[in-house]
Each structure stands twice: as structure tokens, then as C-alpha cells.
Amino acid sequence: MKTIKVGLVGLGRLGFSHAKNIVQKVPQMELAAVCSVVPEELERAKSAFNTPNLYSDYNEMLANKDLDAIMIASPSGFHCQQIQEAIIAGFHVFCEKPIGLTEDEINKTIQVIKQHPNQKFMLGFMRRFDESYQYAKELINQGEIGEITVIRCYGIDPSSGLESFVNFSKNNNSGGIFADMAIHDIDLIRWFTSQEVTQVWALGKNAAYPELDEVGEIETGSAMMELENGAMALLVTGRNAAHGYHVETEIIGTKGMLRIGESPDKNLVTIYNEHGKIRPCSQNFPERFGPAFVNEMTAFSNCVINDTPSPITEIDGLKATKIANACQESFNTKKLTSVN
Ligand code: NAI
């Protein structure tokens, strides 16, 4: 097999951008089918990419046996069921984060994946494919900063998206800020340290948008975590950064420290004008992580075509969700919470 035919479910904020990447930047993938419950999104994909097969029903797409793989970019509450159905129908599967919202549904999904060892499953933690994060990982592996003692992560969405998020939350379950947003940093903590999180203490506050209280969401959350070897992780997760999309990571070790994205710059341009010296910031995830999403797709197609192990598995998904859910529980109960 040299190329794979993909059926993509979900053509929203992220799904459309995945579709564009597949068509324009991943030559070993072919966007053979798309599925969405919104007719206008199907029409948009048809006119933008000339996609031959359009489906409003996911199971009808799964009946198309010309496809090799299914990509899932639907809302998080559908992921587990759609993964199981696609695997049972015989496809390789790529799924966006988080793999699922509850441990029960994830464990059932893991059983189904295990029963089909010849099909690949990969989860979309795209930050692992960002050039800067990969360089940092390489330095850590070479011992450049010694043993990691603390890792500090900021992941804050721009305020420009807050209003539409409030509306989204009225009708959808994102899983909460820890499962939806902080999960990227949780995955990075596990990836950089090669350690599991043992206990967490999480807090949160709604200040600018108290409406988030009504939909059970948090505008800004934070958590302190203990890792199994005693190292510490601190995270700040939010939806209200006035200046843009702020993703920053600091890793402190016994011999040095690394900072990735310490200022969320858009690029290398500095503007000098009547307001002084200005460094524009990146404004959204496609802008900051555009190449990482393409690398992630390439990694998925490579593991299918070359029959090599998936770089991010269902177990990574389960472990990250367990930690996120422990953070949510700690926030709800206001107690230090173990990750079992
Ligand atoms: P969205 O709400 O913009 O789009 C959801 C899409 O799913 C829509 O096209 C909708 O028609 C479709 N859909 C909903 N129910 C469906 C069903 N039953 N059958 C078929 N299609 C259905 O959502 P968004 O923001 O694109 O998020 C999608 C997923 O991607 C979420 O799980 C989210 O966590 C993840 N995500 C990941 C990001 C990352 O940085 N890796 C960034 C943004 C989202």
C-alpha cells in the first residue's frame, strides 16, 4: 500500500483544517469521504476539495469498503463509540483528543482495539509533532538538563473564542477544561518525564464570564501534580488570554532548564511604532501548530503504510483522561485526589 484512502467524520473547527491538510500537504493520504451532520459543511468540503463521497450518516460511511482509514474529528462525547464502530468495520483509525470522556467507555474501546491487532489506532496529541517540542524532547533524552524536577505548562485559548465557547457549551459536553484543554499539557508531562502522575490538586475560577458557571465550565483552571518519582508538575489552563493563543512550557532539571514558547510569538517580526515595540502573538491553534498537525497526519499514514507501531496509543489516551478526570474531581471536591 502506498497511499491510504481516508473517511473523515467531523468538519467543524478542526475537521475542516484536517481535511485541508490531507488534500494539500499529505501526499500519501487521499480524502475519499467526509461525514458531517451539517449539510452546509458537506457542501463546503465538496466545493473546496471535490471530495467524492459525502455522508450525513457515520454508519453509511463505514459501509464504504473502498476506504482504508477513518479519521475522527467529531465532538469528544462521540469518540469512543465511533472508534469502536470503525475498528469493528475493519478500518485503521485516527482519533482527535481526548480518546473519550469516561474511563468505562475508554476501557471498552481499548478491548475492541486489542481484538483487532492488525488495525492501527492513533490518538491526536499533535504537540508531540511540533518541531520545538521534538527538539526539547531530544535534549532531555540526551541528558542536557539532567533529571527533571519540575515541569510548568500554560495552555490558554484566546478570549476572542470565549463567547462562541459559551454558546457551544450550552449544547455540548466538552468534558470540562481539564479533559478538553489541559489534556495536551497532561500528555506532554507524561511524554517529557516518562513518569505517571500519582496525585493532583486542582482549582478554578470564572471571572470575566460567570455564565460559564451555568454550563459547568471553567474559564481558568490550575493544577499541581506529583509524579511517581517525586517530580512536580504545575499547570495553568484557560480560555481567556487577551493577547492570543498562549501555549508555554518550562522544564526544569538538575543541570539546566528548557522553555518552549516562553512568549507566544506569531513569527520573528517585531513592529516598532508610536505604541513602542510590539511582538504580535499567535492567535489560534492552527496558526501555532499548523506544521505539527501535518506531521501528525504523516506519522499516522506512515504507521499504516509501513505497518509500524502507532506513535500515540489508546493507553496514552486512557492515562491522560484519568489524570484530567482526577483534576476535575479535585476541583469539584476541593481535595487532593489520587490518580488510580
Ligand atoms: P466542532 O463542533 O467545530 O465540529 C464538530 C463536527 O462534528 C461538526 O462537523 C459536526 O457536524 C460533526 N458531528 C457532530 N456530531 C456528529 C455525528 N453524530 N456524526 C457525524 N458528525 C458529527 O468541534 P471541533 O472544535 O472541531 O472539535 C472536534 C474534536 O476535535 C473535539 O474532540 C476536540 O476536542 C478536538 N479538537 C482538538 C484540537 C487540537 O488541538 N488537537 C483543537 C480543537 C478541537
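1. A definition to start with: a residue counts as exposed when its relative accessible area is over 50%, and as buried when that value is under 20%. S194 has a relative accessible area of 55%, so it is exposed. Please keep in mind as you read on that this is a predicted model.

2. S194 is also worth a look for its backbone. Its phi is positive, about 55°, although S194 is not a glycine. The residue belongs to the loop that links α8 (177-193) to β8 (197-205). As background, most residues other than glycine have a negative phi.

3. You will find N50 in the loop between α2 (39-49) and β3 (53-55). With 59% relative accessibility, N50 is classed as exposed because the cut-off for that class is over 50%.

4. Next comes a peptide bond to check by eye. The bond from K97 to P98 is cis, and its omega is near -15°. P98 is placed in the loop that runs between β5 (92-96) and α5 (103-114). For context, most peptide bonds are trans.

5. The shell around the ligand holds 27 residues, and the closest are L11, L14, S36, E41 and S76. Sorted by class, this shell has 14 nonpolar, eight polar and five charged residues. Among the helices, α1 (13-25), α4 (79-88), α8 and α10 (285-305) each give at least two residues to the shell.

6. A polar side-chain atom of S36 lies 2.8 Å from a ligand oxygen. How much of the ligand does the protein bury? The ligand taken alone exposes 860 Å², and the protein buries 86% of that.

7. Helix α1, which supplies at least two residues to the ligand shell, also contains I22. Is I22 buried or exposed? Its relative accessibility is 1%, so I22 counts as buried. The C-alpha atoms of I22 and M297 are separated by 7.5 Å, while the two residues are 275 residues apart along the chain.

8. G216 lies in the loop between α9 (211-214) and β9 (220-227). At 54% relative accessibility, G216 is counted as exposed.

9. A last point concerns N64, in the loop that connects α3 (58-62) with β4 (69-72). Its relative accessible area is 13%, and N64 is therefore buried. Which side chain makes a polar contact with that of N64? The partner is Y55, and the contact between the two side chains is 3.2 Å.

How values were computed: Residues are numbered from 1 along each chain as its sequence is written. This is a predicted model: local features need pLDDT of at least 70, side-chain atom pairs count only at pLDDT 80 or more; totals for chains, interfaces and linings use all residues. Side-chain values use heavy atoms; hydrogens and water are left out. Helices (H or I, at least four residues) and strands (E, at least two) are DSSP runs, numbered from the N terminus. Buried means under 20% relative accessible area, exposed over 50%, partly exposed in between (1.4 Å probe, protein chains only). A residue is near a molecule or strand if one of its heavy atoms lies within 4 Å of it. A polar contact is a pair of N or O atoms within 3.5 Å; within protein, one must be able to donate a hydrogen and the other to accept it, and residues adjacent in sequence count only if both atoms are side-chain atoms. Accessible areas come from the Shrake-Rupley method with a 1.4 Å probe; for residues, only the protein chains shown count as cover. Ala, Val, Leu, Ile, Met, Phe, Trp, Tyr, Cys and Pro count as nonpolar, Asp, Glu, Lys and Arg as charged, and the others, Gly among them, as polar.
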